[in-house]
Amino acid sequence: MKRKIVSFALQGGGSHGAFTWGVLDRLLEDGRIDIDGISGASAGAMNAIALAHGYTVGGRDGARQALQDFWDCVAGKSPFSLMPDEATSALDIGTQSTPLPIFQAMLSMARFFSPYQLNPFDINPLRDILTDQIDFDRIRAECKLRLFIAATHVSSGTLKLFRNKQLSVDALLASACLPTIHRAVVIDGESYWDGGLTANPPLFPLLHRCSAHDVMVILLHPYPRPEIPTTADEIAHRLAEMGFSSAFFTELQGFALVKREAQRDWLSLGRLERRLKKLNLHLIDAQEMMSQLNIHSKLNSQPGFIHALRDEGRSRAEAWLAQNFDSIGTRSSFNLARLLPA
């Protein structure tokens, strides 16, 4: 059986990252796909590091187990559990997900008080999960997958990529550091916020630093949205989505443009031009489902919701494999030209 090689670009989106878990679980289970590199921001970074740890320790089965261990630990863990227990019966509860009153009050306070005031001890349950589950020393020394974890440099507002040798608990916490909830993560004297603000997820390192000609993007934010937001909640939700996905689509549009120009110039001999000509882009998402979930559902880590997202991810990956597996290594299954101006 000839295996095909891909790199993964994993988008962030809070607990919606459990959808990505499901996609990765199904692709790892398939056995016909090998992984070259992984980029990720926020929840995408968490999926990337869990997969890399498990893969380093126990191959693809180890990666599947590590992803399950991470999300099972997140599911229902206080203070992640911001939703009432009854709101976990099915995926459609995402349209009505409402935090418990105490957390509604905390979210409201976050509009007027900084995390330096509300969380003076910088409590972050993700730190304990990462410390307990991820062997960063082993990843830095042994991991064969190329990792690119995105964070945002607070001072300059630019993208910072943490690679294998630089990975640590703090690097992962920086990638998932929401500025209104957590204090900036300081690494080597520099402060960092959520990587999704500048690249969600980053694509260029997968082109420049990896050998795979195929990039698989797993999206959590719907694109495009046909409806126009009209209520205050809808507008706030859409603004948040745009803030955490505009950089990615700008980068994707740039890729489409330079790939088109590289294909037009048959005399181009540079390494980048050759890479662009051979680049194949693939995308797995759940547009219809994600467009129905409200902004608060990203805080919903009740087990029923997390596992429903995982199941949806597995289902979408199963459908993608049936329809598009043969395209890996030969052509893009996502039409980049649709992103170009007419």
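Contact means heavy atoms within 4.5 Å of each other. The model is predicted, and local features need pLDDT of at least 70, side-chain atom pairs count only at pLDDT 80 or more, and totals for chains, interfaces and linings use all residues. Residues are numbered from 1 along each chain as its sequence is written, and side-chain values use heavy atoms, with hydrogens and water left out.

**View 1. Val169 and its contacts.** Leaving aside residues up to four places away in sequence, Val169 touches Arg127, Leu130, Thr131 and Phe136. The C-alpha atoms of Val169 and Phe136 are 7.6 Å apart, although 33 residues separate the two in sequence. Val169 has a relative accessible area of 17% and therefore counts as buried (under 20% relative accessible area, 1.4 Å probe, protein chains only).

**View 2. The nonpolar cores.** A nonpolar core is a set of buried Ala, Val, Leu, Ile, Met, Phe, Trp, Tyr and Cys residues joined through side-chain atoms within 4.5 Å. The largest has 65 residues, of which Phe19 and Leu130 touch the most other members. A second, separate core of 24 residues includes Phe248, Phe249, Leu252 and Phe334.

**View 3. Helices H2 and H5.** H2 packs against H5 (residues 125-133) at an angle of about 155 degrees; the two are therefore roughly antiparallel (over 145 degrees). Among the residues that meet are Phe70 and Cys73 in H2, and Leu126 and Ile129 in H5.

Conventions. Buried means under 20% relative accessible area, exposed over 50%, partly exposed in between (1.4 Å probe, protein chains only). Axes are lines fitted to C-alpha atoms, for helices over the stretch in contact, and angles run from 0 to 180 degrees between N-to-C directions. Helices (H or I, at least four residues) and strands (E, at least two) are DSSP runs, numbered from the N terminus. Angles under 35 degrees count as roughly parallel, over 145 as roughly antiparallel, 65 to 115 as roughly perpendicular and the rest as oblique.
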